[in-house]
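Have a look at the model first, then work through them one by one.

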Amino acid sequence: MNIWNWVALGGAAVAALLVVAVVRRRASASASGRRFFRHPTAAPGLFVLAFFVTVAVAAPLVAPYKPYQQIDIVHLQNRSPSTRNVLGTDPFSRDVWSRLAYGARISLGIGALAMLVAVTIGGAVGATAGYFRGWMDAALMRLVDVGLAMPRIFAMLVVVALWDHIAVPVLVLLIGLTGWFATSRLVRAEVLSLRERDFVAAARALGAGPGRVIGRHVLPNAAAPIIVSAALGIGNVMLLEAGLSFLGMGVPSPAPSWGNMIADGWPKIAVAPWSATFPGLAISLVVMALNAVGDALRDALDPRKEAV
Amino acid sequence: MIAPPPLVAVQDLVKHFAGERGWFGLGQPRAVVRAVDGVSFEIPPAQTLGLVGESGSGKTTTGRAILRLVEPDRGRVTVDGLDVLTLGPRELRALRRRMQIVFQDPYGSLNPRMTVRQMLAEPLAIHRIATGPDAERRIAALLEEVGLDPGFGRSYPHELSGGQRQRVGIARALSVEPQFLVLDEPVSALDVSVQAQVLNLLAELQQRRRLTYLFIAHDLAVVKHIADEVAVMYLGKIVERAPALALYAAPRHPYTTSLLSAVPVPDPTAQRNRIVLSGDVPSPMHPPPGCPFHPRCPHPKKNDRCRTEPPALRAVAPGQLAACHFAEEPL
Amino acid sequence: MTEPLLRVRDLKTYFVTEQGSGTARAVDGVSFDVRPGETLGIVGESGCGKTVTSLSILRLIPEPPGHIRPGSFIEFEGRNILTLEPKELRAVRGNQIAMIFQEPMTSLNPVFTVGDQIAEAAIVHQHLSRAAARRRAIEMLQLVGIPDPEERVDHYPHQMSGGMRQRVMIAMALVCHPKLLIADEPTTALDVTIQAQILELLERLQAELGMAVMLITHDLGVVAGTADRVVVMYAGQVVEQAPTVELFAHPVHPYTEGLLAAVPRLDAPSLSLRTGGRGRLHSIPGQVPAATAWPDGCRFHPRCPYAWDRCRAEEPPLLDASQGDAGTHTARCWLVTEPQRRTRRP
Amino acid sequence: MIAWVVRRVAASVAIIWAVVTLTFFVIHAARGSPFLPEQSQSVSPETLDRLRRQFGLDRSLPEQYVLYLRNLARGELGESFVLRRPVADALADAMPHTFFLALAALLIDFTAGLALGIYQAVRERSVGDVVLGNVALFVNSMPTFWLGLVLLLGFAQWLHWFPTGGPSDPVLCPRVDSLPCLLDFFWHLTLPALTLGLVGAAGTARFQRAAMLEVIRQEYVRTARAKGLREGRVLLVHALRNALLPFITLVGLAFPFLLTGAVLVETVYSWPGMGLLAVRAILQRDYYVVTGAALVTSAMVVLGSLMADLLYAVADPRIRVRGA
C-alpha cells in the first residue's frame with residue numbers, strides 16, 4: 001500500500017464523518033430525526049455504512065492492486081499482514097485489502113439492489129392484497145405461504161442450479177425474487193389496519209380513487225415499517241449472498257465478493273486466517289451497522305411517537 | 001305551508017357485516033352482525049337530524065352507508081333527488097361534491113404525513129375546482145371560515161390541538177362545497193370548552209351555507225342544542241324519531257326515557273330520578289327476538305308480546321314515531 | 001372537623017421531555033385533603049394534571065421520564081407516602097389505597113382469569129389461602145353485581161363486556177377493603193346507561209364499606225351527582241375548591257364559571273344553536289397551553305374574560321372565598337380580592 | 001377448534017405439495033443432468049441410455065411428475081442416482097444428525113436468548129443492557145458459517161479443545177453404541193450447535209427484550225403495581241406471561257432459521273445432515289434427493305408454524321376461549 005492509498009483511505013474516513021455530521025445537522029430539525037440520533041448506535045452505524053460505501057466507490061484509489069491481480073503466485077501466497085499488504089494475501093497471492101475494497105462494490109451493491117427488487121415487489125403485492133382484500137388477497141397470500149415454506153437459502157440453491165455460471169444481475173434478481181414474501185406480509189398487515197383509518201375514509205369520501213388512496217394516503221403511512229425492514233433486509237441479503245458464494249453457488253469466482261473471499265480463504269484458514277476472517281469481519285460490521293440504523297429508524301419513524 | 005321536499009331520504013337501509021369466513025376467506029361467513037337493520041328517515045334542506053345511540057347501535061354505520069363508505073346491503077338513499085346506491089363509480093365521485101363527512105377522532109381522520117394545505121388542496125384537485133394561486137386563495141378562505149389562521153396551512157396534524165384538528169376536518173369537508181354533511185360524533189373527543197367552540201362553528205356554518213346535517217352522537221345533551229329532529233337507535237333499528245322539542249319534553253320509547261334519565265346533569269341540587277337499566281346492550285350478532293329492547297326494558301307493562309312480536313315504528317303523536325307496544329303509556 | 005385521611009401538599013410531578021427540550025410541569029404545586037368516608041371530585045380537562053396527581057399518590061409515575069419533586073408531601077394517615085420504603089409502600093398499595101382506571105380492558109391482564117386477578121391482592125395482603133381467596137373473589141363479584149359469580153370467576157377479561165370489566169376492576173380494588181378508592185375516569189370509556197350502573201354501584205359500595213372516594217373526571221355532571229366536595233384543576237394547579245353545592249351555585253374562578261357555562265345541558269331549555277347568534281353556547285376561547293410552557297402570572301389569564309394587568313404579572317395563590325366557614329371555598333384568582341372587576345365583562 | 005386444526009393441516013399439505021411441485025420442475029429444468037459424462041467418465045452412452053430408462057428419465061416431464069406423485073402417495077421418494085439407494089434411506093440417515101444439531105442449537109438459542117432478553121428489558125438502559133445489547137447485535141450480524149469458521153479456528157485448530165469436524169471419531173466410534181461414543185458424539189456436536197445457537201440466541205435476546213419492554217408499558221402492569229405486588233412478581237408473573245406470547249411466533253420461525261443455518265454449518269463442520277445432503281444433491285442434479293429434501297424441509301417449516309399457531313392458541317386465552 002503506498003502513501004496515496006493511505007491518503008485516500010483517510011479521505012474516505014473523513015468523508016464518512018462528514019456524511020454523519022451533515023445528516024445529524026439535517027435531522028436535528030425534526031423530532032423524528034432527533035429520535036434517530038438519540039440511539040447510541042445510530043451515528044456509529046451510519047459512519048460504518050458511509051465509510052464502506054465510500055470505499056466501494058473509491059476502490060481504485062484506496063486499493064493498491066487490482067482485485068484479480070496475483071501479485072506473485074510463487075512467493076506471495078498466504079502472506080501475513082504487512083505494510084505492503086495490510087490485510088495479507090490470500091492463497092492465490094491476491095491482496096486481501098484490495099479485494100475487500102472492490103468486494104464492497106459487489107456485496108453492498110447486491111444487498112441494496114436485491115432489497116430494492118424485493119421491497120418493490122413485496123410492497124406492491126402487500127398493498128394490493130391488503131387494500132382490495134377478497135379473493136385477490138387470499139390468492140396472493142397463499143402464494144406467499146408457499147414462498148415462505150422453503151428456507152430461502154435452499155430455494156436459492158435449487159434455482160441457482162438452473163445456470164452453470166450465474167451472472168451477477170441475475171443473482172440480484174433471483175435474491176430479490178425470493179426475498180419479497182416477508183415484506184409483502186408486513187405491508188399487507190400495515191395496509192389492512194391503515195385502510196380502516198378515518199383519514200382513508202375521508203379521502204374516499206372526497207372522491208379519491210383507489211390509486212390516489214393507496215399512493216397518497218396508505219403507502220406513505222406504511223413507509224416506516226417498509227424502510228426499516230429494507231434496512232434490515234439489506235443485511236440479510238448480504239448474509240445470504242455470502243452463504244451462497246461460500247457454497248460456490250453465488251457470485252462466480254474470481255469476482256471479489258466478500259462471501260467468495262471467505263470461501264477462497266477457508267481451505268487455508270489454519271495457515272492464513274486473515275484471508276477468511278477479514279471479509280467475514282467486514283460483513284459482520286456492515287450488517288451490524290445496518291441493524292443499528294434499522295433499529296434507530298424504527299424508533300424514529302414510529303408514528304405512535306409522532307402524536308406528542 | 002307545504003313542507004319542502006327532503007334533501008336526504010333514507011329508506012329501509014340494511015347493512016349486515018359478515019363474521020369470520022372459513023376456507024381461506026372464500027367460504028360462507030359464520031355469524032352476521034346486524035349493524036343497520038332497516039333504518040328510514042328524511043332530512044329537509046338546511047335542517048339537522050340528530051342520530052343518537054350507544055356504541056354498537058349502528059349509528060356510525062348508518063352515516064357511512066349513506067355516503068357509501070361502506071356498501072349497504074339493501075335500501076334506498078337519495079340525496080337531492082339522486083339515487084346514491086345505484087350510481088357507478090364515476091357518478092358517485094361526482095356526487096361526493098354534494099355530500100361530505102366529518103369524523104369523530106380529529107387525529108385519526110387527518111393523514112399524519114400531509115400538511116393542512118395539502119389536505120385541503122387534494123379535494124380541489126380531485127374535482128378540478130381550483131389549482132395554483134386560485135387554490136391557495138380558496139384554502140386560505142376555508143381556514144379563515146373555520147376560525148384558523150391561514151398560517152396553519154404549513155402545519156402537520158400532530159402540531160395542532162384537538163380543536164384545531166377538528167376545524168381542519170371541517171374545512172376539508174367544506175372544500176368541495178357540499179350541501180349535506182354527515183357529522184360523525186364531531187365533538188365527542190374534544191374537551192368541554194373546545195366542544196362548545198366547535199358546536200358554535202357548526203351552527204354558524206349551517207346558517208351561512210344552508211347546510212343539511214346528519215349529526216351522529218351519543219350525547220343527548222349535545223344533540224338537544226343542534227338538532228331539529230332526533231332519531232334514537234338501538235341494535236341497528238330506530239326506536240324513536242321525533243322533533244327535538246317533543247322528544248326531550250315527552251319521550252315515548254322507554255329506551256329514550258332511560259337514556260335521558262341516565263345523562264348526568266351538572267347541577268347538584270337537581271332532582272335525580274335516574275332509571276338505571278340492568279344488563280348490557282345485547283350483541284348485534286344475536287339480537288333478542290321480539291322487541292330488541294325487551295330484556296332491559298323497565299316498562300311495568302312489559303309482557304309476552306314484547307318478547308315475541310317486534311314492534312313497528314309508528315306514529316304515536318303528531319310528527320313523533322316510536323317502536324314500542326306501549327308508546328301511548330310512556331314511562 | 002375530622003382529621004383528613006389523605007393530605008396532599010405542594011405536590012409537584014414533572015416530566016423530562018425528549019432530549020431536554022423542556023420540563024413538563026404536569027402537576028405543579030397541588031394541595032388538597034380527602035376526609036374519611038367522603039367523595040372528593042377532581043375535575044379538569046385533558047392535560048390539566050388530574051391523572052398524574054392520582055398516579056403520584058400511589059407513586060405509580062414511571063421514572064424516568066417522570067419524577068416527584070422534593071418538597072412534595074403526600075400524607076396518608078399520618079405517614080408521608082413519598083418517603084416510604086418499598087415494602088411499606090406495597091402494604092399501602094391495593095390494601096389501604098386502591099385504584100381503578102379509565103380503560104378496564106387494557107387495565108386487566110388478558111392472560112389471567114378475573115378470579116385470579118381479584119384474589120391476588122387478598123393473597124398478598126391478607127395471606128389468604130388460594131381456596132379462601134377464590135371464595136373471596138366470588139363474594140366480591142357478587143358484591144359488584146355480576147350475575148353467576150361462581151361461573152364468571154373463571155372467565156377471562158375478553159369474555160366480558162366493558163361494563164362488566166369495570167365491575168371486575170372495582171371488585172379487584174375493593175377486595176382488601178381499602179380506606180381510599182381512587183377512581184380515575186371510571187366511566188369515561190362506557191356508554192351512558194352503563195355509566196349510570198357503575199356510578200350507582202360506586203355510590204352503594206361507598207355507603208356499605210364506608211371508604212373515601214377520590215373521583216377523577218372531566219364530566220361536571222358526574223361530579224354534581226356524586227361528590228361531596230370538588231377540586232377544579234387547570235394547567236397543573238388547583239384553581240378552585242369548594243363543597244359541591246357551593247361550587248355549582250357560586251363558582252368564583254372564571255375557569256370554573258366558563259366550564260359550567262360551556263356544558264350543553266339537558267335540563268336547560270334548548271339553545272337551538274341553529275337559529276344563529278342568539279343561542280350560542282358559551283365557550284372558553286383558546287386552548288389549554290402546553291405543560292412545558294405555562295403562561296406567566298395567572299395561568300388562565302390568556303383565556304380569561306376579566307384578566308387585567310395584575311393577572312398577567314402576578315400568580316395568584318389559593319385565596320379564601322368562603323361565604324361560611326373559613327377555608328371551605330378557595331380559588332386561585334385575584335377576583336377574590338377585587339370582586340368588583342367581575343362586572344367588567346368584555 | 002378441531003375444524004380449525006383440520007383446515008390448517010389441509011392448508012399445510014397443500015403448501016408442501018406446491019413446494020415439491022415447484023422444486024421438481026425447477027431442478028429438472030436445471031442445466032446438466034445426473035449422468036453427465038464429466039461426472040461419470042467411465043459410463044458409455046449405452047449405459048447412460050439404460051440408466052435414463054431405468055430411472056424413467058426418458059419419459060416426458062409431465063409423465064415423470066405424475067409418476068413421482070403416484071410413488072409419493074405410496075410413501076416412496078424415489079431412488080438416488082448418485083448414492084444408488086432409496087432417497088428415503090439417505091434422508092433417514094441424515095435427518096437424525098440435523099435433528100440433534102437443531103435440538104442442541106434450539107436449547108442454547110432459547111434458554112440463553114430468553115434469559116438475556118428478559119434481563120436486558122428489566123434492567124433497561126443499565127450498563128449490562130447496553131453491553132449485552134451491542135454484543136447481541138454483533139453476534140446476530142455475523143454470517144453463521146463465518147462464526148463457525150472462527151470457532152473452528154480458535155477452539156479446534158489452535159486450542160484443540162474440540163474436533164475439527166464430522167459427527168464422530170471414525171476409528172473409535174463409527175457408531176454411537178456406547179457411553180464413551182455418546183460422549184464423543186456430544187463432543188463433536190458442541191461447536192456446530194454453539195455456532196447455530198449463539199447466532200439464534202442473539203436474535204432471540206433482541207426480540208425478547210423488545211417484547212418485554214412493550215409489555216412493561218401496558219396498563220395492566222400498572223394495575224399490578226397498584227395492587228401492591230412485589231416488583232419481581234409484577235415483572236415475572238404479570239409482564240412475562242404476556243411477553244412470552246410473541247415469543248411463540250419466534251419458535252415457529254426458528255425452524256426455517258435453523259435449517260438455513262444448518263445448510264452452511266453442516267458444510268463447515270462436515271456434519272452429515274440434511275443440509276450437506278441437499279447441497280451435494282443439488283450440485284449433482286440428484287433430482288429425487290433434491291425434491292425429497294424440499295419435501296422434508298418445507299414440511300418442517302410448515303409444521304413449525306402450525307405448532308406455533310397451536311401453541312399460541314393454547315397459551316393465549318383470547319384465542320383459546322372464544323367468548324363474548
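A residue counts as buried when its relative accessible area is under 20%. Keep in mind that this is a predicted model.

**Exercise 1.** Work out how well strand E2 of chain C is covered, and which strand pairs with E2(C).

*Solution.* Start with the count: of the 12 residues in E2(C) (23–34), 9 are buried, so by the under-20% cut-off the strand is mostly covered. Next, look for the partner: E1(C), residues 6–16, pairs with E2(C) in the antiparallel sense over 8 bridges.

**Exercise 2.** Find the strand order of the open 8-stranded sheet in chain B, then say which strands stand at its edges.

*Solution.* Walk across the sheet and you get E6-E7-E8-E3-E9-E10-E12-E11, with mixed pairing. The edges are E6(B) (99–102) and E11(B) (314–317): each has a single partner strand, so one side of each lacks a neighbour in the sheet. On average, neighbouring strands are turned by 25° against each other, ignoring direction. Now zoom in on one pair: E3(B) (48–52) and E8(B) (212–217) run in the parallel sense over 5 bridges, and Thr48(B) has Tyr213(B) as its bridge partner in E8(B). H5(B) (162–174) lies across E6 and E7 of chain B, at about 170° to E6(B).

**Exercise 3.** Classify the packing of H11 and H13 in chain A: what is the angle, and is the crossing left-handed or right-handed?

*Solution.* H11(A) (210–246) and H13(A) (274–300) pack at about 165°, with axes 8 Å apart. Anything over 145 degrees counts as roughly antiparallel, so that's what these two helices, H11(A) and H13(A), are. The crossing of H11(A) past H13(A) is left-handed. By class, their contact has 13 nonpolar, 3 polar and 1 charged residues. Among the residues that meet are Ala231(A) and Leu239(A) from H11(A), and Val287(A) and Leu290(A) from H13(A).

Key:
Residues are numbered from 1 along each chain as its sequence is written. Chains are lettered from A and ligands numbered from 1 in the order in which they are written. This is a predicted model: local features need pLDDT of at least 70, side-chain atom pairs count only at pLDDT 80 or more; totals for chains, interfaces and linings use all residues. Side-chain values use heavy atoms; hydrogens and water are left out. Axes are lines fitted to C-alpha atoms, for helices over the stretch in contact, and angles run from 0 to 180 degrees between N-to-C directions. Helices (H or I, at least four residues) and strands (E, at least two) are DSSP runs, numbered from the N terminus. Angles under 35 degrees count as roughly parallel, over 145 as roughly antiparallel, 65 to 115 as roughly perpendicular and the rest as oblique. A crossing is left-handed if the near helix is turned anticlockwise from the far one by less than a right angle, and right-handed if clockwise. Contact means heavy atoms within 4.5 Å. Ala, Val, Leu, Ile, Met, Phe, Trp, Tyr, Cys and Pro count as nonpolar, Asp, Glu, Lys and Arg as charged, and the others, Gly among them, as polar. Buried means under 20% relative accessible area, exposed over 50%, partly exposed in between (1.4 Å probe, protein chains only). Two strands pair if DSSP finds at least two bridges between them.
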